[in-house]
Amino acid sequence: MEYRCVLISPCGQLELAEENGAITRLAFVEDLPLTPPCTPLLEQAAAQLEEYFAGQRREFSLPLAPAGTPFQQKVWRALCEIPYGQLCSYGQLAAKVGNPKASRAVGMANHRNPIAIIQPCHRVVGADGSLTGYGGGLDKKELLLRLEGCWPPRKP
């Protein structure tokens, strides 16, 4: 059975979902009624998100079960290896998953990331360091990167 809750964050409303003891979705939503977390895992996820937004958490420690293809799964696992406060280009991420010419496919996998923020696709930028597409909107991507202290990028 799937359980859901809707929370408010500095990025607006977020919908969290859990199924079979793992987080399956964290999505940006609008105009849904706020609902409190209804399971211990959703409560834990909500608390970790609150700590993240307060600048007190840099890594999430939650069981995740995003639905996707094997390639998408590989990309999403690699996203979780991008350290807090650091940026990575699509090309660098493609190389990291063993296919340096697959930057477009990596971009599509990022676009389909069902667990925003926790699987930090917001840390992926264009080859020239520019902000590029984000499911929640570029304003939210910039907000998350500013929160992590890596936007705007520091000049060498």
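**Pockets and ring pairs in a predicted model**

Reader: This model is predicted. Does Arg 77 count as buried or exposed?
Author: Arg 77 has a relative accessibility of 51%. The cut-off for exposed is over 50%. Arg 77 therefore counts as exposed.

Reader: Where is the place of Arg 77, and how far apart in space are Arg 77 and Val 97, C-alpha to C-alpha?
Author: Arg 77 has its place in helix H2. Arg 77 and Val 97 are 20 residues apart in sequence. In space, C-alpha to C-alpha, the distance is 9.2 Å.

Reader: Which elements give two or more residues to the lining of the largest pocket?
Author: The largest pocket holds about 240 Å³ of space. Its lining has 15 residues, and those nearest the centre are Asn 110, His 111, Tyr 134, Gly 135 and Gly 136. The elements that give two or more residues to this lining are strand S3 (22–29) and helix H4 (103–111).

Reader: How many charged residues are in the lining of the largest pocket?
Author: Sort the lining of the largest pocket by class. Eight residues are nonpolar and seven are polar. The count of charged residues is thus given as none, since Asp, Glu, Lys and Arg are the ones that count as charged.

Reader: How many charged residues are in the lining of the second largest pocket?
Author: The second largest pocket has about 180 Å³ of space. It is lined by 13 residues, with Arg 58, Glu 59, Phe 60, Cys 80 and Ile 118 closest to its centre. By class, ten are nonpolar and no residue is polar. The charged residues number three.

Reader: What kind of aromatic pair do Tyr 52 and Phe 60 form?
Author: There are four aromatic pairs by count. In the pair of Tyr 52 and Phe 60, the centres lie 5.5 Å apart and the planes are at 40 degrees. Planes under 30 degrees apart would count as stacked, and over 60 as edge-to-face. The pair of Tyr 52 and Phe 60 is therefore tilted.

Reader: Is Phe 60 buried or exposed?
Author: Phe 60 has 18% relative accessibility. The cut-off for buried is under 20%. So Phe 60 counts as buried.

Reader: How many residues apart in sequence are the parts that the pair of Tyr 52 and Tyr 84 ties together?
Author: Tyr 52 and Tyr 84 form an edge-to-face pair, 6.2 Å centre to centre with 85 degrees between the planes. Tyr 52 lies in helix H1 (residues 40–53). Tyr 84 lies in the loop between helix H2 (70–79) and strand S4 (88–89). So the parts tied together are apart in sequence by 32 residues.

Methods: Residues numbered from 1 in each chain as written. Predicted model: local features only at pLDDT ≥ 70, side-chain atom pairs only at ≥ 80, totals over all residues. Heavy atoms only, no water. 1 Å grid on protein atoms, 1.4 Å probe; cavity = no way out; pocket = protein on both sides within 12 Å on 5 of 7 lines; lining within 4 Å. Points joined across faces, edges and corners; volume = space filled by probe spheres on them. Helix = DSSP H or I, 4+ residues; strand = E, 2+ residues; numbered from the N terminus. Phe/Tyr/Trp six-rings, centres within 6.5 Å; stacked < 30°, edge-to-face > 60°. Buried < 20%, exposed > 50% of the residue type's maximum accessible area, 1.4 Å probe, protein only.
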